[in-house]
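Here are a few notes to read with the model open.

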Amino acid sequence: MVPGDHAEEAIVPMADGANGRGEVRAMDTAWDGGEDSEQQQDGGGKFSMKDLLWHGGSVWDAWFSCASNQVAQVLLTLPYSFSQLGMVSGLLLQVFYGLMGSWTAYLISVLYVEYRARKEKEGVSFKNHVIQWFEVLDGLLGPYWKVAGLAFNCTFLLFGSVIQLIACASNIYYINDRLDKRTWTYIFGACCATTVFIPSFHNYRIWSFLGLGMTTYTAWYITIAAAVHGKVDGVKHSGPTSLMLYFTGATNILYTFGGHAVTVEIMHAMWKPRKFKYIYLAATLYVFTLTLPSAATMYWAFGDALLTHSNAFSLLPKTGWRDAAVILMLIHQFITFGFACTPLYFVWEKAIGMHHTGSVFLRALARLPIVVPIWFLAIIFPFFGPINSAVGALLVSFTVYIIPAVAHMLTYRSAAARQNAAEKPPAFLPSWSGMFVVNLFVVAWVLVVGFGLGGWASITNFVKQIDTFGLFAKCYQCPPKAHVGSPLPAPAHH
């Protein structure tokens, strides 16, 4: 995993003793192969297909990574959330949580820059070391925050990987139902284990680009297919029918726009991390063009039927277009599995002292134990849809909303910290007091609505799925199959 990443611009300019002007120095990052970053960025070096496809650190690479990571399998569960919320709430909450998620991603980027700036002033080098969120919290706020960040972030990424694996099995079943979903989970668990060979987020350049193209196709396929299909006979749009379903749907949307648990790693893979600040917002605006039309059109066409069909593919007619969308989503879920797992790989490598090892195969071997519990949990809890809401309420609420907002307030609570801040308040909110108020609102809202009400609703729904289907369910929400010589079964009712 050694060769290939490029030097990255330092956060802090090195003072020029003669005139006090800043001279930017370059600092190598993880997996650096020693090539000059300016040549890579400006095209000064020779053209290399390997660099074109494999080594990414530009603003566009970060945008593709954020957008691709944000809109994975949730694209298929958002229509299910709309059936729980109703059309108006579904649309409004997507926009609301999308903007809130962009705000906290901005806060994370500011805290990364602050941490990096302080460490560089101390002469710390990050060559061959990937900075992670728990290290930022440790450097700015101390060891207790490090433990909290590590616990919430790792648990969220663990279950985020589990969800991608469950989604793979759920999707492939709509192409080939000769195997049950549990068997498909075994197969895709083995396939996803190959992500141990991808060194870092630098190396997701082509995968991020392809992944976003795949979800774009899938989103517009769902939108067009639902519109062409039209409303089913007797369609009803009853949502919301209960508080439990309403807040379950809301926390799935909270989860949808909480994909920035890997923000620090994506920033660290950039040649110029300071340019990240508004990338997540730009990615979210693009994601809106995929999620809003597809979820709204599916709910318009199928209404309450979505309450018992958490995967949008299950209601669309089997065609070549649908099969193509399923296959593309499978590939994309493999990519997103890697996105969620890569920070876990880094944490594990650091824990066992393998993070600076140069061998590709030794590090891949060291990473394999991370895949095993993910595989196991996907088999225990195959509840595609409900598990998103549970993870959103219990983990995403703290990991990517509450902790960044509180950490920002505490980091800049003193006048001296604000005066010496590496990043000043943004132009659209040029006041520390204004930032404090927004952060306080985020914490209060997510704590009460996301964690409190959302936690109650999603856990209640999750337990209901366990009671109905049991743990280790062989084929979650699969329609019963007709047997030769037996009458056709009645339509499935969940």
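The points below go through the aromatic pairs and then a helix contact.

1. This is a predicted model, where local features need pLDDT of at least 70, side-chain atom pairs count only at pLDDT 80 or more, and totals for chains, interfaces and linings use all residues. Residues are numbered from 1 along each chain as its sequence is written, and side-chain values use heavy atoms, with hydrogens and water left out.

2. The structure has 24 aromatic pairs (rings of Phe, Tyr and Trp, taking the six-membered ring of Trp, with centres within 6.5 Å; planes under 30 degrees apart are stacked, over 60 edge-to-face, the rest tilted). Take Phe64 and Phe209: their ring centres sit 5.3 Å apart with planes at 75 degrees, so this pair is edge-to-face. Phe64 belongs to helix H3 (residues 59-70) and Phe209 to helix H9 (residues 205-229), so the pair ties together parts 145 residues apart in sequence (helices are DSSP runs of H or I, at least four residues, numbered from the N terminus).

3. Those two rings also belong to a cluster, linked by ring pairs, of Trp60, Trp63, Phe64, Phe209 and Tyr286. Phe209 is partly exposed, at 47% relative accessible area (buried is under 20%, exposed over 50%, partly exposed in between, with a 1.4 Å probe and protein chains only).

4. Now look at H13 and H14: which residues of H13 meet H14? Among them are Phe337, Leu344 and Trp348, while the H14 side includes Ala366, Ile370 and Ile374 (contact means heavy atoms within 4.5 Å).

How values were computed:
Helix = DSSP H or I, 4+ residues; strand = E, 2+ residues; numbered from the N terminus.
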